[in-house]
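Here is a short report on one chain and one of its residues. Look over the sequence and the structure before reading on.

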Amino acid sequence: MDEDDEDDDLEVPAEVHTVCQYCGGGGMVADPKLAMIGGSPRNVDNGRPCPHCETVGHFPGIIPPV
Ligand SMILES: [Zn+2]
């Protein structure tokens, strides 16, 4: 029987890219800030577009982490 590729081989993605170190590939970064809501201070975290990858979440090719 063929039990060839089902093992824990290295999974090589079809397209090589580097996940953005800044947002972890999500394209958004956490941006908690204090806001007054209904008269009481709260932490609001809407997130914001990642300035590093511009919400793409990854870069083409391989970029070593700095
Ligand atoms: Zn990013």
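## Strand β4

Strand β4 lies largely in the open, because the number of buried residues among its six is zero. The strand spans residues 40–45. The model is a predicted one.

## The chain around it

The chain has six strands and zero helices. Read from the N terminus, its elements run β-β-β-β-β-β. The chain holds 66 residues, and 5% of them count as buried.

Take the contacts in the chain with a separation of 6 or more: 56% of them come from residues 24 or more positions apart.

## The β3–β4 hairpin

Which strand is joined to β4 by six bridges? It is β3, residues 32–37, and the two run antiparallel. Together β3 and β4 form a hairpin, with two residues between them. Gly38 sits in the turn and has a positive phi of about 65°.

β3 is hardly covered. Its count of buried residues is zero among six residues. For β4, the number buried is likewise zero of six.

Ala35 has Arg42 as its bridge partner in β4. Leu34 has Asn43 as its bridge partner in β4. In a regular strand, side chains alternate between the two faces of the sheet.

## Arg42

Arg42 is placed in strand β4. Is Arg42 buried or exposed? Arg42 counts as exposed, because 11 C-beta neighbours lie inside 10 Å, and a residue is exposed if that number is 12 or fewer.

Which residues does Arg42 contact, once neighbours within four places in sequence are left aside? The contacts are Ala35 and Ile37. Ala35 is also the residue whose bridge partner in β4 is Arg42.

Arg42 and Pro32 are ten residues apart along the chain. Their C-alpha atoms are separated by 9.7 Å.

## In brief

Arg42 is an exposed residue in strand β4. Arg42 is in contact with Ala35 and Ile37. Its strand pairs with β3 through six bridges, antiparallel, in a hairpin with two residues between the strands.

Methods
Residues are numbered from 1 along each chain as its sequence is written. This is a predicted model: local features need pLDDT of at least 70, side-chain atom pairs count only at pLDDT 80 or more; totals for chains, interfaces and linings use all residues. Helices (H or I, at least four residues) and strands (E, at least two) are DSSP runs, numbered from the N terminus. A residue is buried if 20 or more other C-beta atoms lie within 10 Å of its own, exposed if 12 or fewer, and partly exposed in between; C-beta atoms are placed from the backbone. Two residues are in contact if their C-beta atoms, placed from the backbone, lie within 7 Å. Two strands pair if DSSP finds at least two bridges between them.
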